[in-house]
Amino acid sequence: MPGLAAGDDRTYVTAMQHINKSIENGMFGLVFVGAFLATGVAAWLQHKAGRRRAALWAGAATLLYVVALMVTMGVNIPLNNELAAAGDPSRIHDLAAVRAKFGGTWVATNMLRTALCTAGLLALTRSLVLNGRDSR
């Protein structure tokens, strides 16, 4: 994003429209939802196996991922849709306004999503460590 932010308004809007359009595919959807489902299943399996501490950490990871999904669906996807609705960048009269409306909020929430997913990964790592200890 820092490299893209250094470009002009037309480059930024065009690139983000292309990125958002190309990400709409089955593989991304599978990873997007699959990570949440796999994390939830891991928490449930840990709980079922009686590994309470590992289950709690996997449950925390699931919760963090749910919050990241809520941010994505509540903020980033609507912004992506608004950017797409702005139309062809060569026909947008005020590219700076379109970019300003999209960029600041999108980048901030993307950083939040990154932090949430990183925290979720750390929680899953802790769950795996505890699972390994409990399995001995």
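Colleague: In which helix does Thr11 lie?

Modeller: Helices are DSSP runs of H or I with at least four residues, strands are runs of E with at least two, and both are numbered from the N terminus. Thr11 lies in helix α2. This is a predicted model, in which local features need pLDDT of at least 70 and side-chain atom pairs count only at pLDDT 80 or more, while totals for chains, interfaces and linings use all residues. Residues are numbered from 1 along each chain as its sequence is written, and side-chain values use heavy atoms, with hydrogens and water left out.

Colleague: Is Thr11 buried, partly exposed or exposed?

Modeller: The classes rest on relative accessible area: buried means under 20%, exposed over 50%, and partly exposed in between, with a 1.4 Å probe and protein chains only. Thr11 has 42% relative accessibility and therefore counts as partly exposed.

Colleague: Which residues make a nonpolar surface patch together with Met27?

Modeller: Accessible areas come from the Shrake-Rupley method with a 1.4 Å probe, and for residues only the protein chains shown count as cover. Here Met27, Leu30 and Val31 make a nonpolar patch of about 330 Å². Val31 belongs to helix α3, which spans residues 26-48.

Colleague: How many salt bridges does the structure hold?

Modeller: There are 2 salt bridges. In one, Arg99 pairs with Asp9, with 3.1 Å between the closest N and O atoms. Arg99 lies in helix α5 (residues 95-135) and Asp9 in helix α2 (residues 9-22), so this pair ties together parts that are 90 residues apart in sequence. Arg99 counts as buried at 15% relative accessibility, whereas Asp9 counts as partly exposed at 26%.

Colleague: Which residue forms a salt bridge with Lys101?

Modeller: The partner of Lys101 is Glu82, and their closest N and O atoms are 3.3 Å apart. This pair also links distant parts of the chain, Lys101 being in helix α5 and Glu82 in helix α4 (residues 52-85), 19 residues apart. Lys101 is exposed at 57% relative accessibility, and Glu82 is partly exposed at 41%.

Colleague: Which residues make up the largest nonpolar core?

Modeller: A nonpolar core is a set of buried Ala, Val, Leu, Ile, Met, Phe, Trp, Tyr and Cys residues joined through side-chain atoms within 4.5 Å. The largest one has 11 residues: Leu4, Tyr12, Val13, Met16, Leu79, Leu83, Ile92, Leu95, Val98, Phe102 and Trp106. Helices α2, α4 and α5 are the elements that give two or more residues to this core, and α5 gives the most, with 4 residues.

Colleague: What does Leu79 touch, leaving aside residues up to four places away in sequence?

Modeller: Contact means heavy atoms within 4.5 Å. With those sequence neighbours left out, Leu79 touches Lys101, Phe102, Thr105 and Trp106. On the same terms, Asn76 touches Val71, Trp106, Thr109, Asn110 and Arg113. Asn76 lies in helix α4 and is buried, at 1% relative accessible area.

Colleague: How many aromatic pairs are there?

Modeller: A pair of aromatic rings is described by the distance of the centres and the angle of the planes. Rings of Phe, Tyr and Trp (its six-membered ring) pair if their centres lie within 6.5 Å; planes under 30 degrees apart count as stacked, over 60 as edge-to-face and the rest as tilted. The structure holds 4 aromatic pairs. The rings of Phe28 and Phe32 have centres 5.5 Å apart and planes at 25°, so they are stacked. Both residues lie in helix α3, 4 residues apart, about one turn of the helix. Phe28 is partly exposed at 36%, while Phe32 is buried at 19%.

How values were computed: A salt bridge is a side-chain nitrogen of Lys or Arg within 4 Å of a carboxyl oxygen of Asp or Glu. Patches are made of residues with over 30% relative accessible area and no salt bridge: like charges are joined within 9 Å, nonpolar side chains (Val, Leu, Ile, Met, Phe, Trp, Tyr) within 5 Å.
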